Amino acid sequence: MRKINFKKIVLALLLVLSVSVVSAQSFPQGSTRGNTEMSRNVTQPAVPNVSIQITQPQTGREVAFSVRVLLALTILTIAPSLLLLVTCFLRFSIVLDFIKRALSLQQVPPTAVLNGIALFMTLFVMWPTFSTMYEKSFKPLNEGQIGIEEAYREAEAPIRLFMYTQMAEDPTYIGTFMNMAKLEKPNTLADVPTHILVPAYILHELTAAFKIGVLLYIPFIIIDMVVASILMSMGMMMLPPVQISMPFKLILFVLVDGWGLLTNQLFLSVIH
């Protein structure tokens, strides 16, 4: 009992001392007292009301306008993909991915870096075409000199000319799609519809990119075969040949200035 009473007395003394210390503390001299009341000069922010109404169309013009808006939103959604497919970005990106696989590289350089390189190379090659589109289409439309339909035709012409120029030496795919659409053989670019020209150009770019990729693979495959033969003759069958051949392929690629040669040949394959 005495021990319990002694503990209670010590706890009571500590509680009294802590209360006295807290009560003795105060704000330092010169400090500013806080105020929790909001100033009456502050006005409430004005938030606009947003309402969406869904009504039945009364005339055919309203239905046509709704369909036009839907088509416009769809085109805006797929516009980046369309621009990449009708330019030389497709060829550049595929070839760069081929060289990465030929060198047996897995993570370096990353795919995002390769796509960025292909994008800026595409801007460099397509800059004259984009400048023509801006001068003849967007700028007059912005100044109110032409309408939207004429602006579309003026913007379409440089892209069509670029695609047709790439396929001028081998118009096989144009003839293929013209036959599939049961159209007559075209004599000039004006006789080829855009919905025929675009898929023909895409297939042509895929074919050209794969041809370049095969040519890039040949020297590196030879290195892989030589390294594999040496390892087999030494009885080191459990060692992956790619692990040994990759440094030799990198050395060869650096010594011949691979990036410079690849970039130069890609430009020459597009710019005639």
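The axes of helix H6 (residues 172-180) and helix H7 (residues 194-233) come within 8 Å and cross at roughly 140°. Axes here are lines fitted to C-alpha atoms over the stretch in contact, with angles from 0 to 180 degrees between N-to-C directions.

Which residues of H6 and H7 make the contact? The table lists them; contact means heavy atoms within 4.5 Å.

| Helix | Residues in the contact |
|---|---|
| H6 | Tyr 173, Ile 174, Phe 177, Met 178 |
| H7 | Ile 196, Leu 197, Pro 199, Ala 200, Leu 203, His 204, Thr 207 |

By class, nine of these residues are nonpolar, two are polar and none is charged.

This is a predicted model: local features need pLDDT of at least 70, side-chain atom pairs count only at pLDDT 80 or more, and totals for chains, interfaces and linings use all residues. Residues are numbered from 1 along each chain as its sequence is written, and side-chain values use heavy atoms, without hydrogens and water.

Now the whole chain. It has nine helices and zero strands. Helices are DSSP runs (H or I) of at least four residues, and strands (E) of at least two. Of the 272 residues, 25% count as buried, with under 20% relative accessible area (1.4 Å probe, protein chains only). Among contacts between residues at least 6 apart in sequence, 69% join residues at least 24 apart.

Notes:
Buried < 20%, exposed > 50% of the residue type's maximum accessible area, 1.4 Å probe, protein only. Nonpolar A, V, L, I, M, F, W, Y, C, P; charged D, E, K, R; others polar.
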